[in-house]
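Reader: I am new to this structure and would like a close look at a single part of it, taken slowly. Please walk me through the places where its pieces meet.

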Amino acid sequence: MEQIDKNGNLKHLLTLEGLSQTYLNKLMSLTDKFIDKNNRLRHTDDLKDKTVVNVFFEASTRTRTTFEIAAKRLSADVISVNVATAATAKGESLRDTILNLQAMQADLFVCRHGDSGAAHFIAKQVKPGVAVINAGDGCHEHPTQALLDLYTIRHVKKDFSNLTVAIVGDIAHSRVARSEILALKTMGVKHIRLVAPKTLLPAEIESSGVTCYNNMEEGIQGADVIIMLRLQKERMDQGLLPSLREYHHCYGLTAERLKLAKKDAIVMHPGPMDRGVEIDSIVADGPQSMILQQVHFGIAVRMAVMVELTAGK
Amino acid sequence: MEQIDKNGNLKHLLTLEGLSQTYLNKLMSLTDKFIDKNNRLRHTDDLKDKTVVNVFFEASTRTRTTFEIAAKRLSADVISVNVATAATAKGESLRDTILNLQAMQADLFVCRHGDSGAAHFIAKQVKPGVAVINAGDGCHEHPTQALLDLYTIRHVKKDFSNLTVAIVGDIAHSRVARSEILALKTMGVKHIRLVAPKTLLPAEIESSGVTCYNNMEEGIQGADVIIMLRLQKERMDQGLLPSLREYHHCYGLTAERLKLAKKDAIVMHPGPMDRGVEIDSIVADGPQSMILQQVHFGIAVRMAVMVELTAGK
Amino acid sequence: MEQIDKNGNLKHLLTLEGLSQTYLNKLMSLTDKFIDKNNRLRHTDDLKDKTVVNVFFEASTRTRTTFEIAAKRLSADVISVNVATAATAKGESLRDTILNLQAMQADLFVCRHGDSGAAHFIAKQVKPGVAVINAGDGCHEHPTQALLDLYTIRHVKKDFSNLTVAIVGDIAHSRVARSEILALKTMGVKHIRLVAPKTLLPAEIESSGVTCYNNMEEGIQGADVIIMLRLQKERMDQGLLPSLREYHHCYGLTAERLKLAKKDAIVMHPGPMDRGVEIDSIVADGPQSMILQQVHFGIAVRMAVMVELTAGK
């Protein structure tokens, strides 16, 4: 496994595939250290004198900001490079961009790219001791998002084994969903339900041990955790959905529908939310929503991953 | 008053309305601490481990830079988020943006927005202990600009009570003017003159105790302080003014006109200046100009406000 | 010489013209201090409490990033201001931008501008104790690039006096070439060869003691150092070159051609490279290439220059 070295340590965080339950638990325990007893994020010197470079080939103020804040809370020097995808259409140029930044002594790259596999490609270019975090590559993976979701679930539910988790929305195009499913399986979640119209479900996904639902009510019935996904408007243009209104009618998380889940069910969303489309405000802002808690934990999780990847290097 | 807590402490700085003379004097004394005896800005640890987020919904490199420099001089972690107004056309989204940044543990928001009242709206969303500074909201207010102007006037004139202050230009559309008038009144300035063509004066403003002049020569006659405002070119398009040339002819501050003011009168401008329109270069760069001194004091004033809003939180 | 004070110390770095061999050697020795024995860049407090402002009137993520990283490694507060050239078409406005940033207490400006001489203009505006680094002005100079090239050559070749250095490409429009030639001459390089088609060679350059070649093979024959320049695509539009393909055919550095140089010749390029046009990948990534080493040394050289310009001020 290219992201793990001979001693079992993480060199990069590209995917959650291949990470053991023990390792995920270790990352979650490390995350605990960055939150104090008042639920405040700590400020440490763990990355002092290190240089973290955010290389975003795809615009994302939100995700870039979370990594920038996490790195600064660890006292790293942070450089953000917004690269227009156009300028690096050729793989060769992407490689040169990375090699140049590495020559400037970047210790850690945080990469987002529109192409699946870009983070793996970048990890192959860098020299030993330089780490890469995949902050989203095409429709492929977004491992830190899945980790923060795990951390949030663990925070509330303590144990994963008896949970029923429903993931609702555009599964087929979601890198979040892909990483999420991997993570939940690793943690031993027995019942993973994917809830979406057929056009937004990947082909043959059921063979991987999840259950698909095209009916929202059935899908969230008795669930402990409901993870709503963002619906990208371009799915309409592609003809995969008739309209946002129709989507909300069938798959929007309303207060009414939420009652079908367990009483203590929690609601999650990776953000940014499209209120009134995938989720109603009364749910998003309601007592079962963990949405802002996810954002908060997200900083701590990213701090933990950054420390794990750079410690002793 | 929503920006002041029960103990009379400032929670946010949204407006100068309701701030007492004592309080403004306190802020100016606090500002003194950030300038050393060589007139150099200090570098302190007052905001170490705190996160300041600049949320600019309206582009302003200049103002954003002043707050960024002020926060860094206080050793804060600074994140600048440039939000396209388009993306947050709906109030709901603006709220989500703020709640998300708050969840990332922002301690202080510096906000600029094209809509009047946006800073108040944002202040209502944040939880106790998180502060908001209004860095300009529509045509409404720009309190730190007015504070730095006060500080500059006090630096030169020591006492406010016997001053005649003329504010010249687009009063009707200026958030600076609005905050300025509030501040000058609070400090006990007896003679506040607004000098502008009728089309750029707010209706019924005289009832608030200021005197309006449509004639520049009369307006600045014997003044101690002349505050020139920036003229936005869009006022031409709106038909409020015939031409820039005509405006300069009637209201531009020339060396000739400046002689009508007191001999020791000072000239101020919030910047950026449109030389040759509202002010001539010989005046802007002349010995009576305090324009660059304003910029310098502006950093110290912003440092003072940031410390006041976050101290002990 | 406007960039050197009475005591022979550098006030600004605008050009390499007029800097003595002793001085260039001094800068290179200072650079040594920022690289440790493991060839890692150091992190120091040399610019703690100082404010470095990158003012880029011309977009350049790459160069801006190198200065930003260099300044952060010295613990400076760094502000980057991207100014659209349009907004400062008039010299007056450029002056106001600089005077305002200076009033915010910038200690050091790093400037890039599309007009030759812009850095000199800026240096004339700032007050004593404030330094300006020219990070590229039009077709004029780019002194830190030339310095890092010198440093790289010295690192490998130790002595300059017996070297043959070939600079290949768009000499006429290259600020890098201009600074490079000055630097190489000062260091006593006897054989400086400029290799380019006639349309890309400045008129009457040979009178300055360099030798021009229109034939690539002759130009690099027996060279110790080959510096390839970037070819800007706009040269085609201007009719100075027939096509990229034709250019590569005549002036591209291929493995075949490289054999004509000395066996231990090194290949350099200021980046970003257009692989397949001015240089082949097998050469760019080959054992004689110093291209990434240049980038690495570039940070250390910029650290040295920044310290030299601010020390004791």
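How many residue pairs are in polar contact across the interface of chain A and chain B, counting pairs with both at pLDDT 80 or more?

Author: The model shown here is a predicted one, and for the interface of chain A and chain B the rule finds ten residue pairs in polar contact, both residues being at pLDDT 80 or more. On the side of chain A that touches chain B, the elements that give two or more residues are helix 2 and helix 12 of chain A, and helix 2 of chain A gives the most, with nine residues. Sorted by class, that side of chain A has six nonpolar, seven polar and eight charged residues.

The contact as a whole takes 21 residues from chain A and 17 residues from chain B, and the area buried between the two chains is about 1800 Å², of which carbon and sulfur atoms give 49%. Charged side chains also pair up here, since the count between chain A and chain B is three salt bridges. In one of them, the side chains of R95(B) and D285(A) meet, with 3.3 Å from N to O.

Chain A also meets chain C, and in that contact 17 residues of chain A are touched by 21 residues of chain C. Between them, chain C and chain A bury about 1800 Å², with 49% of it on carbon and sulfur atoms. The rule finds three salt bridges across the interface of chain C and chain A, including the one that R40(C) forms with D107(A), in which the closest N and O atoms are 3.1 Å apart. Polar contacts across the interface of chain C and chain A amount to ten residue pairs, both at pLDDT 80 or more. Helix 2 (61–73) and helix 12 (291–310) of chain C each supply at least two residues of the side that touches chain A, and helix 2 of chain C gives the most to that side, with nine residues. The residues on this side of chain C divide into six nonpolar, seven polar and eight charged.

Within chain A there is a further meeting place, this time between domains. The domain assignment of chain A gives domain 1 (21–142 + 295–310) and domain 2 (143–289), and their C-alpha centres lie 26 Å apart. The contact between them takes 28 residues from domain 1 of chain A and 26 residues from domain 2 of chain A. Together the two domains bury about 2300 Å², 63% of it on carbon and sulfur atoms. In domain 1 of chain A, the residues that lose the most area to domain 2 are M28(A), H142(A) and F297(A), together 30% of what that side buries.

The rule finds two salt bridges across the interface of domain 1 and domain 2 of chain A, and E58(A) forms a salt bridge with R175(A), where the closest N and O atoms are 2.9 Å apart. Between the two domains, the count is twelve residue pairs in polar contact, both at pLDDT 80 or more. Several elements of chain A each supply at least two residues of the side of domain 1 that touches domain 2, among them helix 1 (21–32), strand 3 (108–113) and strand 4 (131–137). Helix 1 of chain A gives the most to that side, with eight residues, and by class the side has ten nonpolar, eleven polar and seven charged residues.

Conventions:
Residues are numbered from 1 along each chain as its sequence is written. Chains are lettered from A and ligands numbered from 1 in the order in which they are written. This is a predicted model: local features need pLDDT of at least 70, side-chain atom pairs count only at pLDDT 80 or more; totals for chains, interfaces and linings use all residues. Side-chain values use heavy atoms; hydrogens and water are left out. Contact means heavy atoms within 4.5 Å. Buried area is the accessible area (1.4 Å probe) that two parts lose on being put together, summed over both. A salt bridge is a side-chain nitrogen of Lys or Arg within 4 Å of a carboxyl oxygen of Asp or Glu. A polar contact is a pair of N or O atoms within 3.5 Å; within protein, one must be able to donate a hydrogen and the other to accept it, and residues adjacent in sequence count only if both atoms are side-chain atoms. Helices (H or I, at least four residues) and strands (E, at least two) are DSSP runs, numbered from the N terminus. Ala, Val, Leu, Ile, Met, Phe, Trp, Tyr, Cys and Pro count as nonpolar, Asp, Glu, Lys and Arg as charged, and the others, Gly among them, as polar. Domain bounds come from an automatic or database domain assignment.
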